[in-house]
Amino acid sequence: MKVYISGPITGTDDYMERFARAERFLYAAGHTAVNPAKVVAQLPKGTTHEECMKMSAAMMDMCEAVFMLEGWQESKGCGMEFEYAYGHGITIAFEGGRA
């Protein structure tokens, strides 16, 4: 199953490590991880939050599930990703169990 990783990026300095850890976890569980942190790191300077969220929606459309990393509740972008997944019938799983 393809699984999109959703976690706080803006205002954090360890997001690459957190997303890489989630990616390894998902691969070990037999899934294919879609890691948006790798994509965001390659975007041109000045890319807006709105533009990033459009890319997130496109990546989520490729997936059967979204894996919400701890701390997602404090992130505006993660909230948008949660709502998008919920509204589009994409399975939602949470790091550490239920939210």
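The model is a predicted one, in which local features need pLDDT of at least 70 and side-chain atom pairs count only at pLDDT 80 or more, while totals for chains, interfaces and linings use all residues. Residues are numbered from 1 along each chain as its sequence is written, and side-chain values use heavy atoms, with hydrogens and water left out.

I begin with strand β3. Helices (H or I, at least four residues) and strands (E, at least two) are DSSP runs, numbered from the N terminus. Two strands pair if DSSP finds at least two bridges between them. Strand β1, residues 2–6, pairs with β3 in the parallel sense over four bridges. Within that pairing, S6 has M68 of β3 as its bridge partner. β3 also pairs with β4, again in the parallel sense and over four bridges. Here A65 stands opposite T91, and M68 stands opposite F94.

What covers the faces of β3, and which residues lie on each side? In a regular strand the side chains alternate between the two faces of the sheet. In β3, A65 and F67 lie on one side and V66 and M68 on the other, and all are buried, so both faces are covered. The term buried means under 20% relative accessible area; exposed means over 50%, and partly exposed lies in between, with a 1.4 Å probe and protein chains only.

I turn now to the cores. A nonpolar core is a set of buried Ala, Val, Leu, Ile, Met, Phe, Trp, Tyr and Cys residues joined through side-chain atoms within 4.5 Å. The largest has 13 residues, and those with the most contacts inside it are Y4, V66, M68 and W72. Two or more residues come from each of α3 (49–61), β3 (65–68) and α4 (76–87). The largest share, three residues, is that of α4. Apart from this core lies another, of 12 residues, with L26, A33, A37 and F67 among them.

V66, not counting residues up to four places away in sequence, touches V3, Y4, S6, M60, A85, I90, T91, I92 and A93. S56 is found in helix α3 and, at 6% relative accessibility, counts as buried. Leaving aside neighbours within four places in sequence, S56 is in contact with Y4 and E81. V34 has its place in strand β2, residues 32–34, and is buried, with a relative accessible area of 11%. With neighbours within four places left aside, V34 is in contact with K2, V3, Y4, I5, M59 and C63.

Next come the aromatic residues. A pair of aromatic rings is described by the distance of the centres and the angle of the planes. Rings of Phe, Tyr and Trp (its six-membered ring) pair if their centres lie within 6.5 Å; planes under 30 degrees apart count as stacked, over 60 as edge-to-face and the rest as tilted. The structure holds five such pairs. One of them, F25 with F67, is stacked, at 5.7 Å centre to centre and 20° between the planes. Because F25 lies in helix α1 (residues 15–28) and F67 in strand β3, this pair ties together parts that are 42 residues apart in sequence. F67 counts as buried, at 8% relative accessibility.

W72 and F94 form a tilted pair, with 5.9 Å centre to centre and 35° between the planes. W72 lies in the loop between β3 and α4, and F94 in strand β4 (residues 91–94), so parts 22 residues apart in sequence are tied together. W72 is buried at 13% relative accessibility, as is F94 at 18%. W72, F82, Y86 and F94 form one aromatic cluster.

Finally, how many disulfides are there? A disulfide is a pair of cysteine sulfur atoms within 2.5 Å, and by this rule the count comes to zero. The sulfur of C52 is 12 Å from the closest cysteine sulfur, in C78, too far for a bond. For C63 the closest cysteine sulfur is also in C78, at 15 Å, again too far for a bond. C52 is buried at 18% relative accessibility, and C63 is buried at 9%.

Methods
Contact means heavy atoms within 4.5 Å.
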